[in-house]
Amino acid sequence: MFLYLLALLVLFYLFRWIRELPRVGDKANKYVYITGCDTGFGNLLARHLDKMGFRVIAGCYTEKGEEQLKKACSSNLITTHLDVTSKESLAKVAAMIKDKVGVHGLWALVNNAGVAVPSGPCDWHTLDDYKSMLEVNLNGVIGATLSVLPLIKKARGRVVNVASVFGRICVTGGPYPVSKFGVEGFNDSLRFTLAPFGVKVLCIEPGFFKTSVTDSELHTRNVQTLWDRLPQDVKDDYGVEYLQKSKDVIKEKVSQMSDGDLMKVVSCMEHAVSATWPRKRYSPGWDAKFFWLPMSYMPTCFVDYFFLKNAVPIAKKLQ
Ligand SMILES: NC(=O)c1ccc[n+]([C@@H]2O[C@H](COP(=O)([O-])OP(=O)(O)OC[C@H]3O[C@@H](n4cnc5c(N)ncnc54)[C@H](OP(=O)(O)O)[C@@H]3O)[C@@H](O)[C@H]2O)c1
């Protein structure tokens, strides 16, 4: 019995491996629009797809990002300034893309731009903190998608959304997991409603990787900034030791947990863009595959118990 099950499993993986090998053709006429190409996954993906022969339109947040990317790529790659929180910026880039792609339409949009701070316990944040992150990580994804959707429908193309394991399980406070759960929701509703048009919607859910999103110095500074503006009663609830221990955890754990091989994520993004039969969901990173995703299927009471047991203790004990 066990051998039959093993054989079935092997056959399943073999079939999936073979099915996922073929790539789409005519790359020279396939335009791919990527947001957040200054650094990290977006930057690496733009270079990688450019090398593969796709026509890359790279949205960069800064001039420096644009210049550096241009220098590293072929003359086929187009860079453009893009702020996903600005309607005008999104509309300007969409008009430029419409002009470039012509009859081909837009083959793929990769919604990659994102920010990771402010991040801390929920009651350390203001509503504006939530709004500002949701503006980039969620509304930016929706806005960029809607701005070019007719062009994607024309090409019977794809939308690739970069969510996170924190769109599947939530063990931190603040707006980041809220934004990523939102991306998952948007991804699924888009996939469902656009399937009849032949448009594929794929989701990337990376674990921890070494980019500015997991930069421990950025997170340590952010925790201190949030702490400094807290009212005294909230500071007393948590205790000053909580702040120091949180910083220690960030310094030790976040960098320890983060994988330096960004190509694990970029290969999944590339597969989503170029495979004839892409996967609906990708979970790059060992931590995503063997810890975060299995955890996300566990009962809530178990997940809460596990993470609260290992959480930094607060000063104020319950009466
Ligand atoms: N690294 C991880 O462990 C991890 C895990 C799961 C999911 N992710 C997700 O992966 C995506 C890429 O992040 P990354 O890790 O590659 O970090 P990253 O290097 O910080 O990349 C994010 C990019 O988004 C850009 N950006 C920020 N605000 C923007 C705006 N308003 N408009 C347009 N672009 C903007 C940033 O530009 P500047 O650099 O100029 O600010 C940067 O180039 C994000 O959605 C992130 O949430 C990352």
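1. Helix 2 (residues 40-52) supplies the largest share of the shell around the ligand, three residues; helices (H or I, at least four residues) and strands (E, at least two) are DSSP runs, numbered from the N terminus. This is a predicted model: local features need pLDDT of at least 70, side-chain atom pairs count only at pLDDT 80 or more, and totals for chains, interfaces and linings use all residues. Residues are numbered from 1 along each chain as its sequence is written. The ligand is surrounded by 28 residues, the closest being Gly-36, Asp-38, Gly-40, Gly-114 and Thr-211; a residue is near a molecule or strand if its C-beta atom, placed from the backbone, lies within 6 Å of it.

2. Composition of the shell. Sorted by class, the shell around the ligand has 14 polar, twelve nonpolar and two charged residues. Ala, Val, Leu, Ile, Met, Phe, Trp, Tyr, Cys and Pro count as nonpolar, Asp, Glu, Lys and Arg as charged, and the others, Gly among them, as polar.

3. Packing of helix 2. Helix 2 packs with helix 11 (residues 263-274) at an angle of about 50 degrees, and their axes are 10 Å apart. Axes are lines fitted to C-alpha atoms, for helices over the stretch in contact, and angles run from 0 to 180 degrees between N-to-C directions. The two helices, helix 2 and helix 11, are therefore oblique to each other (angles under 35 degrees count as roughly parallel, over 145 as roughly antiparallel, 65 to 115 as roughly perpendicular and the rest as oblique).

4. Residues in the helix contact. From helix 2, Phe-41, Leu-44, Leu-45, His-48, Leu-49 and Met-52 meet Val-265, Val-266, Met-269, Glu-270, Val-273 and Ser-274 of helix 11; contact requires C-beta atoms, placed from the backbone, within 7 Å. By class, this contact of helix 2 with helix 11 has nine nonpolar, two polar and one charged residues.

5. Seven strands form an open sheet in the order 3-2-1-4-5-6-7, with parallel pairing; two strands pair if DSSP finds at least two bridges between them. Strand 3 (78-81) and strand 7 (281-282) are the edge strands, each pairing on one side only. Strand 1 (residues 31-34) runs parallel to strand 4 (residues 108-111), joined by three bridges, and Ile-34 stands opposite Val-110 in strand 4.

6. Backbone features to inspect. Most residues other than glycine have a negative phi, and most peptide bonds are trans. Val-117 and Pro-118 are joined by a cis peptide bond, with omega about 10 degrees; Pro-118 lies in the loop between strand 4 and helix 5 (127-137). Asp-26, although not a glycine, has a positive phi of about 50 degrees, and Asp-26 lies in the loop between helix 1 (2-19) and strand 1.

Notes: Contact = placed C-beta atoms within 7 Å.
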